[in-house]
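Please read each point beside the structure shown here.

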Amino acid sequence: MSLRILVGVKRVIDYAVKIRVKPDKSGVITEGVKHSMNPFDEIAIEEAVRMKEKKIAKEIVAFSCGPAQCQETLRTALAMGADRGIHVEVAGPQYETLQPLHISKMLAKLAKDEQIDIIIVGKQAIDDDCNQTAQMTAALLDWPQATSASKIEAKDGSLQVVREIDGGLETIKVKLPTVVSADLRLNEPRYATLPNIMKAKKKPIKKLTPKDLGVDVSPRIQIVTVEEPPVRLAGAKVENVDMVVEKLKALGHA
Amino acid sequence: MLPCLVRRAVVISNHRYGHVKNVLPKIPGSYHRHLVTSVDPSSGLTEEQEQIYKTALDFAHLEMRPHMAEWDEHEIFPVETMKKAASLGFGAIYAREDFGGTGLSRLDASITFEALSQGCVSTTAYISIHNMCAWMIDTFGREDLRKLWIPQLASMEKLASYCLTEPGAGSDAGSLSTTAKKSGGDLILNGSKAFISGGGDTDVYLIMCRTGEPGPKGISCVLVEKGTPGLSFGKKEKKIGWNSQPTRAVILEDCRVPITNIIGKEGQGFSIAMKGLNGGRINIASCSLGAAQASLEISADHLQVRKQFGKPLADFQHNQFQMARMATKLVASRMMIRNAATALEESHPNHVTLCSMAKLYATEACFEIVNTALQLHGGYGYLKDYAVQQYLRDIRVHLILEGTNEVMQMVIAKDILKSK
């Protein structure tokens, strides 16, 4: 097979950074904060690269939407093995209210334009935890979807995908073209090697605007307030189970 | 001289007259980036260097940091982890690409070691010594030696040790007494080398030994493989830090190697050893820098969490001032190291002095930073459960090795007084 894979990579605040809310509660502080590729998207890229190494895929296109710094995220994807990048630049207030639906529309349009066979995205981004992009993209394209994938095998014209579901594992078969979202255990992403980091510089990144893709990203939502999670209150020790029940009743939990 | 002046013009124009830079001739290289170095280690780096730093830091955080205390306590030489690091291109960073080197610059190497040392100073310091040896073979070795050794060293399948110091020749390295006598097509080595990093556990030994007259000009650099009859090792030394790499004496008793194992020319050994050390000094200083960066970050967290007298430690002005001084010294160290790395890369006329200055300043300033970080941790800082003490123990030796900081001052003073 010689498939074309489109992978969505989102630039998010690094998983190790302690998130701080802006004093005016309009969002979280992003300035001067370390950003990285969404970890689930790293897994998505890794899977695409492995498919290319197995000669299942012939080309990997990495896509990212957001401010100029998203190009760094795309470079990481290129260093890991993607062939070229597409950056759809959205900045300022439009970026702050960007929704999974906008991204899905862009992915859908790009899938058509670039003759894509498989779209792989992370199952969710670690900043907004939406878990919507893959599903909506599949709906917009009317393609089958295989979400929360923990194993992918290509079988003539289709993919056999093992999904992580609440009750265990579910194996499904989806026809190509299709949309897949990567779960945590799909693979362990590689480190970019120094030679590949240098080679990534020479790979092309195409810059587009939402308008080029016919997507209207004007805000549909307004962020009312962003709050810190409540601080955990001090607990108390109890002697036995009866006292636990008593306490819970007193607090109105039972 | 001319290209140098033009480059300077570009730098100045970028800073002061940004608008005229387009009319100046384009010169390839690093001068078109913005050069501001700050507390953020990736500030002032090119996009690729930022990626290199990030990759190395990810590797440090995921593959090294979780084990660094264990490697220290049980004196484990983490060969598999180093091979994994080498698979990313960290084994021969500034050796040429034709035989498997990564072909990057001294600055690229410096930022790599700065990042890796945050995961384990001792292991990174060994990797840096290995890199120095690979570079020596790559730069001065004959084609057949390069072809044989660079691929194995770049992958760290084979590990290298640098052998200059002797029990009786430390700072006065030019007086070394290990001999190599010619016998037919062979050299017969006799003598001993002290404080050899990796000694006994590594595979390739670059031995500086006397093949001619007394003094530096009679010294050659000879490659000796582990397993060669006559090559043996002393007991493993017990050390304050650098415990994830063994240190042993290397003993040569009628150790016979082919004369073709000389790296470079006969009599060139001391020069090769010193050239290796120019980069080695930047690398070691970079390892101190990584420890200081990590310690600064740990301290900032600690000060905001730990409360005494009813408020976070960060609210006390004394602690704020300590942090300010630490951060200032950190940035000064980083600037000196990166400046020296660039000077070495471009063979700047003062590169030897600049490398010495960077090593002298940064290893001391970074030791002070980490020592202050330990003090800010109070009693906890003295516990082995906390990483700061290990950074402190590991970087203490950076004031001593790769030429002591006293030797650095000799080198600097010699240069300054000569030019006046």
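Which residues of chain B does the UniProt annotation "domain: Acyl-CoA dehydrogenase/oxidase N-terminal" cover?

1. According to the unreviewed UniProt entry, that annotation covers residues 46-157 of chain B. UniProt positions are given in the numbering used here, feature names are shortened, and annotations may be inferred rather than shown by experiment. Over residues 46-157 of chain B the chain is 69% helix and 0% strand, with end C-alpha atoms 31 Å apart. Helices (H or I, at least four residues) and strands (E, at least two) are DSSP runs, numbered from the N terminus.

2. The model is predicted: local features need pLDDT of at least 70 and side-chain atom pairs count only at pLDDT 80 or more, while totals for chains, interfaces and linings use all residues. Residues are numbered from 1 along each chain as its sequence is written, and chains are lettered from A and ligands numbered from 1 in the order in which they are written.

3. Chain A contains seven helices and 11 strands. Its C-alpha atoms fill a box of roughly 65 × 40 × 40 Å along the principal axes. Of the 254 residues in chain A, 38% are buried (20 or more other C-beta atoms within 10 Å of the residue's own, with C-beta atoms placed from the backbone).

4. Between the chains, 12 residues of chain A are in contact with 12 residues of chain B (C-beta atoms, placed from the backbone, within 7 Å). On the side of chain A that touches chain B, α2 (70-80) and α6 (194-200) of chain A each supply at least two residues. The residues of that side divide into seven nonpolar, two polar and three charged. Here Ala, Val, Leu, Ile, Met, Phe, Trp, Tyr, Cys and Pro count as nonpolar, Asp, Glu, Lys and Arg as charged, and the others, Gly among them, as polar.

5. The axes of α2(A) and helix α2 (residues 47-64) of chain B come within 11 Å and cross at roughly 70 degrees. Axes are lines fitted to C-alpha atoms, for helices over the stretch in contact, and angles run from 0 to 180 degrees between N-to-C directions. The two helices are therefore roughly perpendicular (65 to 115 degrees).

6. In the contact of these helices, E72(A), R75(A), T76(A) and A79(A) meet E47(B), E50(B) and Q51(B). By class, one residue is nonpolar, two are polar and four are charged.

Key:
Two residues are in contact if their C-beta atoms, placed from the backbone, lie within 7 Å. A residue is buried if 20 or more other C-beta atoms lie within 10 Å of its own, exposed if 12 or fewer, and partly exposed in between; C-beta atoms are placed from the backbone. Angles under 35 degrees count as roughly parallel, over 145 as roughly antiparallel, 65 to 115 as roughly perpendicular and the rest as oblique.
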